[in-house]
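Student: I'm new to this one and I'd like a close look at just one part of it. Could you walk me through it?

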Amino acid sequence: GYSRKLLRSARKLFQFANQHRGTFDGACPFYCSYSGYHDELLWAATWLYIATRRPIYLKYIRDESTTSIVSEFSWDLKLAGAQILLSQLYWEGRKEFQTFQQQADGYICSVIPESPYHQAFVTPGGLVHFRDGANAQYVTSAAFLFSVYSDLLARHNKQVVCGYKRFTSVHLMNFAKRQMDYLLGDNPLNRSMMVGFGNNPPLRAHHRGASVPVMAPAEEVNCGMSFVYWYNTDKPNPNELTGAILGGPDRQDNFVDSRVNSSYTEPCTYVNSAAIGVLARLAK
């Protein structure tokens, strides 16, 4: 019953979004949607088609969707995820999805370091680096998609062709594992990027709830003084944000465990959510 309720709600949300297209930019410059909304509509229609097999979602994917080869999967850009989902349907017989499967290969070729077409920078220690500012989000999302696509390649006995090079399912899974191993401590600094886990984990996550101590019920602190007392200090957080993967190192594998340097120490739901998927696969 709950499953049906969720599906009904998802269908209503897609109908609303498709009929009232637009982008909310009120949060800019912090969360600007550079990719627009077409990728989210394709992402939604893909999941809804898988869940319902209704022609209306197939028609949207086939006739109305906008797609291209991309080199990242993130909170803003969903195309690669949809392409990998549709690749599975292509290999199961939906030949109209061939373009999406080719674009999924293009995503892999643009990220994997050994590809002649790779676009992602790789740090000296082996971490893919897309941009400063919580780069770990792009690491975990890439590792997650690589792990999913690896299983699909193995299931259908396929390989990814990047020019003169071919990559097997094992190669993709090894890449995903290397990225997660780096974040969990197998890196030049020999330290974990996950709070409360592994060797020498970070202590100063850029997180209000973790950095503000328990206070008396009647105690009041204005916003300005909160920066003085807890933000602009070098003291470890009084509350451990256990399990949070932080922003991670820069392009040269440097990591600064500093609350004020958010590009290194910011935790994000979209870092951990993707990590859970690939960690579940690795644990299996």
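Student: Does Cys223 count as buried or exposed, and at what relative accessibility?

Tutor: Cys223 counts as exposed, with a relative accessibility of 52%. For the cut-offs, buried is under 20% relative accessible area, exposed is over 50%, and partly exposed is in between (1.4 Å probe, protein chains only). Bear in mind that this is a predicted model, where local features need pLDDT of at least 70, side-chain atom pairs count only at pLDDT 80 or more, and totals for chains, interfaces and linings use all residues. Residues are numbered from 1 along each chain as its sequence is written, and side-chain values use heavy atoms, leaving out hydrogens and water.

Now, who could Cys223 pair up with? The closest cysteine sulfur belongs to Cys268, but at 20 Å it's too far for a bond. A disulfide here is a pair of cysteine sulfur atoms within 2.5 Å. Cys268 isn't in a disulfide either, as its nearest cysteine sulfur, in Cys32, is 15 Å away.

Cys109 is in helix α5 (residues 98-111) and Cys162 in strand β3 (residues 160-162), so the bond ties together parts 53 residues apart in sequence. Helices (H or I, at least four residues) and strands (E, at least two) are DSSP runs, numbered from the N terminus. Both Cys109 and Cys162 are buried.
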